[in-house]
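Please consult the sequence and the model alongside them.

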Amino acid sequence: MTVLAIKDLNVTFSTEGGQLHALKNVSFEVPERRIVGVVGESGCGKSTLINAILGLLADNGSVDAGSITFEGEDLTRLGPARMQELRGQRISTVFQDPMGALNPVLSVGRQMRNIQYRSGRSRSEKDARSEAMLRQVRIPDAQAALTRYPHEFSGGMRQRVAIAMALMMKPALLIADEPTTALDATLEVATIELLRELQQDIACSVLFISHHLGVIAELCDDVVVMYAGEVVERGSTRQVFHSPRHPYARRLLECDPARQSGRTRHLPTIPGEIPDLRQRPPGCVFATRCDQRVDACDKVPPDVAVETGHVARCILAEAR
Amino acid sequence: MSGILEVRDVEVTFEVGPLMRRRSILGVAGVSFDLHAGETFAIVGESGSGKTTLARAINGLQGISAGSIRFGEERIDTLGGRAMKPLRRRMSMMFQDPVGSLSPRMKVGNLIAEPFRIHEIVDKNPSVEVPRLLSLVGLTPEFADRYPHQLSGGQARRVGVARAIALNPALIIADEPTAGLDVSVQGEVLNLLNDLRERLGLAMIIITHNLHVVHHVADRMAVMYLGRFVEVGDTDEVFRAPRHPYTAALLSANPEPDPDKARDRIALPAEVPSLLARPAGCEFHSRCPWVAARCKSEAPEFVQGRTRRVACHTPLEPGARPPELEVTQ
Ligand SMILES: Nc1ncnc2c1ncn2[C@@H]1O[C@H](COP(=O)(O)OP(=O)(O)OP(=O)(O)O)[C@@H](O)[C@H]1O
Ligand SMILES: Nc1ncnc2c1ncn2[C@@H]1O[C@H](COP(=O)(O)OP(=O)(O)OP(=O)(O)O)[C@@H](O)[C@H]1O
Ligand SMILES: [Mg+2]
Ligand SMILES: [Mg+2]
């Protein structure tokens with residue numbers, strides 16, 4: 001079963017210099033009960049992807065083509081009222097800065113009660129459920145915690161409160177945009193272990209965005225690699241991390257400082273720049289930076305299935 | 001090597017709570033270290049342990065309640081905003097929140113030219129400097145016409161770097177300079193800072209949660225917990241043999257980019273103590289897997305070894321495992 005299916009999605013922003021193609025023919029699926037990671041160069045369109053799913057694109061942005069199917073409905077065709085209904089109930093989100101999701105002037109208990117406004121539960125039932133949820137994310141003294149305000153928690157605790165609130169209504173899909181970036185390594189690991197546990201409990205799917213490849217490797221079942229608004233490779237985490245087939249994916253993994261065995265002052269990078277998204281090259285988007293470029297790269301590259309579930313948008317993936 | 005920065009017993013106090021029940025907390029609770037020209041010093045530690053507050057204090061954006069800070073020959077913690085201004089040319093700060101620290105109504109080009117205006121530098125032409133700085137941080141000239149909200153998180157971060165290096169400072173304090181960047185751009189930013197360090201003898205304080213980054217770029221590192229340094233040493237040595245239990249737990253937690261790697265972690269209880277109720281004795285004892293009776297009542301001294309300082313009654317031997325072997329998978 002597939003919870004979220006994105007098919008040939010195209011998103012553009014109108015800018016002074018013309019139309020900026022932020023997402024170009026993006027397709028991938030989030031299967032039921034799987035954690036799918038999204039990685040890619042800064043500016044490759046990860047946040048744009050999330051905003052398109054949530055119906056929250058900036059005013060100058062629009063979905064030009066393609067579909068986003070969530071539990072049978074095409075989100076690109078829904079009105080704002082229905083989208084609002086889905087957000088927070090069936091699809092919920094956790095962001096890097098939990099303060100953005102929390103209301104500073106309401107107690108945590110009050111906010112957690114508000115999320116349950118459509119549940120039909122009594123007030124005390126709601127509070128009991130909130131308390132149980134806080135306990136599940138290991139907030140000490142959960143009952144007292146309900147009366148506290150967001151700023152009275154540390155960064156790590158706040159992120160766990162945000163996760164508790166996001167999972168309160170047992171959504172089918174949790175979208176997490178760099179939720180652990182602000183946490184130290186011990187809390188980061190505790191948070192991803194917690195996420196994995198809750199995801200299994202609630203049986204939801206997760207779309208998880210992070211630049212931390214170690215966290216992706218540890219948490220995710222599948223990975224989607226994006227470059228300049230395109231999905232250049234996708235597959236299981238093992239397939240992509242152990243045998244990347246797109247040159248960008250390979251280079252990205254090689255640049256991880258965690259992979260440099262000796263200590264080095266000069267970290268590896270991918271030379272060159274991301275193309276101007278207002279004038280996308282007609283062929284492969286990565287060609288200008290690719291060290292394996294051939295003439296055929298000037299044509300639109302095919303999506304090559306290298307193995308079941310493992311797809312790379314590169315002509316060279318075909319040859320082997 | 002000459003000392004460029006000398007931080008001694010610095011404390012920062014905050015007043016918190018409702019008016020009637022005001023209480024003070026120590027955000028920074030007595031920190032000392034020296035920094036030499038050309039040196040890179042990393043500060044790591046728990047979220048909320050006081051890293052940003054310490055950085056702001058050094059930069060003069062936050063008053064200190066005890067201690068002293070010297071920059072070059074000059075004592076700077078007693079200077080007011082005005083007297084601080086010329087010094088800020090030589091000491092620049094990259095802020096933790098990249099988008100929030102850029103004024104939303106200014107275009108990128110103006111944001112990058114702003115330091116020249118603020119410091120009334122007339123011998124530099126912004127129409128030359130802006131494209132030069134943009135290209136140094138890997139952005140094309142067309143970005144000069146964008147507003148901050150039209151940038152991705154990573155692009156905003158690069159604009160922050162361009163601003164920080166605009167005036168060729170002698171010291172850069174970088175608060176999470178690469179959070180939100182992919183590994184390749186992260187490498188570019190760090191290489192860029194490192195090049196400047198080599199070329200200009202720049203000193204750098206880098207605050208980050210990314211331990212892999214620390215390992216590669218920092219000469220020395222400090223580990224902070226509840227407003228204090230609990231361990232300071234040469235980066236290589238600290239990674240090879242952490243001596244404070246919090247450092248050991250932190251380094252063991254570092255996620256590795258291999259889905260099949262066996263993980264052997266020192267688990268810590270997730271409850272971080274509040275600054276309003278600092279634990280008695282050693283302040284880490286409430287989470288320490290090695291806790292002993294003495295730790296609950298007696299605060300450890302910050303012991304100075306040859307190259308290492310550790311605040312622990314019984315510093316760890318290399319490769320030490322927690323007594324009850326509480327290991328998570
Ligand atoms: N409102 C907007 N108007 C014009 N361009 C935009 C707008 N929002 C984003 N962009 C551009 O679209 C591209 C994709 O941006 P997006 O924020 O989705 O990237 P990202 O993958 O989330 O990056 P990061 O990892 O740095 O957060 C970038 O080139 C960005 O500059
Ligand atoms: N203006 C303020 N008023 C009251 N308390 C403050 C203020 N600024 C910071 N604090 C508190 O001081 C402590 C240290 O905060 P600081 O931002 O320096 O931590 P940090 O180590 O930078 O954390 P992070 O890794 O999350 O950025 C925290 O407990 C914080 O809540
Ligand atoms: Mg983003
Ligand atoms: Mg900080």
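Q: Which residues come nearest to ligand 2?
A: This is a predicted model, in which local features need pLDDT of at least 70, side-chain atom pairs count only at pLDDT 80 or more, and totals for chains, interfaces and linings use all residues. Residues are numbered from 1 along each chain as its sequence is written, while chains are lettered from A and ligands numbered from 1 in the order in which they are written. Ligand 2 lies between chains A and B. Of the 14 residues around ligand 2 (C-beta atom, placed from the backbone, within 6 Å), those that come nearest are Gly27(B), Ser47(B), Lys51(B), Thr52(B) and Thr53(B).

Q: Which element gives the most to the shell around ligand 2?
A: Helices (H or I, at least four residues) and strands (E, at least two) are DSSP runs, numbered from the N terminus. In chain B, β1 (3-16) and α1 (51-58) each supply at least two residues of this shell. With three residues, the element that gives the most is α1(B).

Q: How far apart do the C-alpha centres of domain 1 and domain 2 of chain B lie?
A: An automatic or database domain assignment supplies the bounds. In chain B, domain 1 covers 38-56 + 78-221 and domain 2 covers 225-328. Their C-alpha centres are separated by 31 Å.

Q: Which element supplies the largest share of the side of domain 1 of chain B that touches domain 2 of chain B?
A: Contact (C-beta atoms, placed from the backbone, within 7 Å) joins 15 residues of domain 1 of chain B to 13 residues of domain 2 of chain B. On the domain 1 side, β3 (40-45), α7 (211-217) and β9 (220-225) of chain B each supply at least two residues. The largest share, four residues, comes from α7(B).

How values were computed
Contact = placed C-beta atoms within 7 Å.
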